[in-house]
Amino acid sequence: MKIISISNIKGGVGKTTTAAVLAVGLAEKGYKVLLIDSDPQTNLTMCFLQEQTDELPSLYDIYGDGESIDDVKVPVRDNLDLVIGDFELCNADMQFTKAGRLKMLKKAIKSIDTEYDFIVIDTPLNLGILSLNAFLASDYVIVPMSADSFSLKGIRLLKETLDDVSEETEKDLPVAGILLTRYNSRTNVSKLLEKSLNSAATLLDTELFKNRIRQAVILQESQIAKEDLLLYAPNAKVTENYRRFISKFLERVGG
């Protein structure tokens, strides 16, 4: 089993879309996949569950009550289960202060380590307790970055955090790659920022995925429709971009 966190502390970079598409794409290939919505905004959950989720068990029950993942997960596609997010986790840093608080998710995942081939975690837009739990449980991190919201300062903060996690776990937590999103090859901005992104990749000791995720209105349409991209627009060019990314991802992590 391989565990992947999707992380960036800047919003609007396609973080949640990447988590959803990666998980669905892996499931389509026959892998058994678990998605964990660790972002209190719960946008990932809304990609799959259109009905009210207030009464459903959530990630909060794992952190707050020690519930098992098997008791919380919801099947959403063939080969794909979801642990839904919870807005109450906005206060996670203040709520969960007991010893071992940084390894609660890792402990929960350990009990299901033979049930899945991949676990994909959508992390919050900060480096607090929820992100740290995700990193401590993960084998790899993927960093989506849009061509119009680059921040080298944010990358430095992420690098420092990942180094701390590696020291804590006494093992490397590699970045599997930076995925360039919202890309438009016709604009000078995208071309100029791509050079800076190569510097970010060097800082994170990784590289850019060669295929870019193009800017496309269909991405926003799928979010409004509350459907994952592969189901909503299976033949769109941006969907093909993501499929190629998934194939390259599998090459890098040995799927």
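Student: How many cavities of 30 Å³ or more does a search of the whole structure find?

Tutor: Rolling a probe the size of a water molecule over the atoms shows where empty space is left. In this predicted model, a search of the whole structure finds 2 cavities of 30 Å³ or more, a cavity being a set of points, on a 1 Å grid over the protein atoms alone, where a 1.4 Å probe fits but cannot get out; grid points are joined across faces, edges and corners, and a volume is the space filled by probe spheres set on the points. The model is predicted, so local features need pLDDT of at least 70 and side-chain atom pairs count only at pLDDT 80 or more, while totals for chains, interfaces and linings use all residues. Residues are numbered from 1 along each chain as its sequence is written, and side-chain values use heavy atoms, with hydrogens and water left out.

Student: Which residues line the largest cavity?

Tutor: The largest cavity, with a volume of about 50 Å³, is lined by T17, A20, V21, C47, S222, Q223, E227, D228 and L229, where a lining residue has an atom within 4 Å of a point. Helix α1 gives the most to this lining, with 3 residues, and α1 and α10 each supply at least two. The second largest cavity holds about 30 Å³ of space and is lined by N8, I9, G154, I155 and L158.

Student: How many residues has the largest nonpolar core?

Tutor: In soluble globular proteins, nonpolar side chains tend to be buried together. Here the largest nonpolar core has 41 residues, a core being a set of buried Ala, Val, Leu, Ile, Met, Phe, Trp, Tyr and Cys residues joined through side-chain atoms within 4.5 Å. Helix α1 (residues 15–28) gives the most to this core, with 8 residues, a helix being a DSSP run of H or I of at least four residues, numbered from the N terminus.

How values were computed. Buried means under 20% relative accessible area, exposed over 50%, partly exposed in between (1.4 Å probe, protein chains only). On a 1 Å grid over the protein atoms alone, a cavity is a set of points where a 1.4 Å probe fits but cannot get out, and a pocket is an open set with protein on both sides within 12 Å along at least five of seven lines; lining residues have an atom within 4 Å of a point.
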